[in-house]
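Here are my notes on this one, written as numbered points. Keep the picture open while you read.

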Amino acid sequence: MWTRVNDIDRMFDAMDLFRSRLNRMFTDYGGTYGEDVGWRVINGSPRTNLFDSGDTFQLIAEVPGLSKEDLNIRIQGNYLELSGTRNSDAPQGYKAHRVERDTTSFTRSFTLPADVNADKIEAVLHDGLLTLVLPKAEAAKPKQISIS
Amino acid sequence: MKEATDLTTRKEEMLERRQELPRIAPMVDIFENDDEILLHADMPGVTKDNITVNVDNGRLEITATRRLQTKGSSSWQEFSDVEYRRVFSVPQSIEVAKVNAELKEGVLKLHLPKAEAAKPRTIKISAV
């Protein structure tokens with residue numbers, strides 16, 4: 001009898017293993033070595049992350065090799081537009097063996113989940129990442145409700 | 001009872017070590033002139049402390065990790081913490097001691113100078 005239970009248990013172990021492999025397949029998808037790429041303009045725009053921390057939004061975009069003159073940020077209400085141009089940084093007098101890095105211009109627009117206060121936006125460009133801190137408009141901020 | 005403990009211990013031993021970060025090959029441009037080979041690699045978000053460049057026996061390895069500083073809950077996320085890694089074979093004639101690298105705006109620029117012996121030379125033809 002015990003051996004039977006043991007067998008069943010082993011089978012479940014195997015299934016667990018299989019399930020974790022499957023789970024990982026999805027998280028690793030597009031992240032495997034050699035398949036995904038460092039930077040590329042996807043559908044004409046750089047990759048971004050948006051975080052919501054109650055009073056502010058934080059938007060981070062990957063823009064390697066762009067200086068602040070190459071970037072343009074426009075905002076109206078909850079509509080944000082990010083555009084930029086990446087110029088070739090190929091040096092003069094060199095022969096190119098391999099050119100994988102895109103040199104394009106892009107425009108990407110976002111509809112933010114809430115209105116933001118356009119006067120208090122901070123934009124920082126650091127190590128090829130553009131970080132925007134967007135404070136929400138008063139009406140969109142979370143409010144504490146006191147219980148009477 | 002003993003069997004049951006055996007099972008639990010075995011299960012614990014079978015835990016797999018998960019790969020910590022997704023691994024990405026950075027995009028590169030490679031240029032060459034008479035004096036050096038120049039490599040540009042895109043690595044947004046990498047600081048110079050998190051990057052290693054290794055030249056060993058004709059093998060050039062670039063590794064870097066990116067850890068993003070974030071706060072709040074994610075509304076959407078298209079990129080994450082990654083490990084950048086890429087390996088190239090380089091000619092033996094590279095002067096390893098003079099290799100220098102600069103990191104600016106998320107782009108690594110790696111200068112690999114050629115050894116004197118490997119530089120092209122013009123041969124003068126002497127008139128008889």
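In what order do the five strands of the open sheet run? Point 2 has the reply.

1. Ground rules. This is a predicted model, in which local features need pLDDT of at least 70 and side-chain atom pairs count only at pLDDT 80 or more, while totals for chains, interfaces and linings use all residues. Residues are numbered from 1 along each chain as its sequence is written, and chains are lettered from A and ligands numbered from 1 in the order in which they are written.

2. The order is β7(A)-β8(A)-β2(A)-β1(A)-β6(B), and the pairing is antiparallel. A strand here is a DSSP run of E with at least two residues, a helix is a run of H or I with at least four, and the numbering starts from the N terminus. Two strands pair if DSSP finds at least two bridges between them. At the edges you'll find β7 (122-126) of chain A and β6 (73-77) of chain B, each pairing on one side only. From one strand to the next, the twist averages 15°; for that, axes are lines fitted to C-alpha atoms (for helices over the stretch in contact), and angles run from 0 to 180 degrees between N-to-C directions.

3. A closer look at one pair in that sheet. Five bridges link β7(A) with β8 (residues 129-135) of chain A, in the antiparallel sense.

4. Chain A has one helix and eight strands, running α-β-β-β-β-β-β-β-β from the N terminus on. Chain B has one helix and nine strands, and reads α-β-β-β-β-β-β-β-β-β along the sequence. Buried residues make up 20% of the 148 residues in chain A and 23% of the 128 residues in chain B. Buried means that 20 or more other C-beta atoms lie within 10 Å of the residue's own; 12 or fewer is exposed, anything in between is partly exposed, and C-beta atoms are placed from the backbone.

5. Where the chains touch. In all, 39 residues of chain B are in contact with 43 residues of chain A, contact meaning that the C-beta atoms, placed from the backbone, lie within 7 Å. On the chain B side, α1 (2-13), β1 (23-24), β2 (28-32), β3 (36-42) and β6 each supply at least two residues. That side has 19 nonpolar, 11 polar and nine charged residues. For the classes, Ala, Val, Leu, Ile, Met, Phe, Trp, Tyr, Cys and Pro count as nonpolar, Asp, Glu, Lys and Arg as charged, and the others, Gly among them, as polar.

6. Strand β5 (residues 95-99) of chain A runs antiparallel to β2(B), joined by four bridges. Is B:D29 buried or exposed? B:D29 counts as buried, because it has 23 C-beta neighbours inside 10 Å. Leaving out residues up to four places away in sequence, B:D29 touches several residues, including A:A96, A:R98 and B:H40.

7. Six bridges pair β3(A) with β4 (residues 79-85) of chain A, antiparallel. A:Q76 stands opposite A:Y79. The hairpin has two residues between the strands, and A:G77 takes a positive phi near 60°.

8. The cores. A nonpolar core is a set of buried Ala, Val, Leu, Ile, Met, Phe, Trp, Tyr and Cys residues joined through C-beta atoms within 7 Å. The largest has 18 residues, and B:L39, B:A41, B:M43, B:A64, B:Y84 and B:L108 have the most contacts inside it. Elements giving two or more residues to this core are β3, β5 (59-66), β7 (82-89) and β9 (107-113) of chain B. A second, separate core of 14 residues includes A:L50, A:L80, A:V116 and A:L130.

9. The sheet within chain B. Four strands form an open sheet in the order β1-β7-β5-β4, with mixed pairing. β1 and β4 (51-56) of chain B stand at the edges with a single partner strand each, so one side of each has no neighbour in the sheet. β1(B) and β7(B) are parallel, with two bridges, and B:I24 has B:Y84 as its bridge partner.

Note on methods
Two residues are in contact if their C-beta atoms, placed from the backbone, lie within 7 Å.
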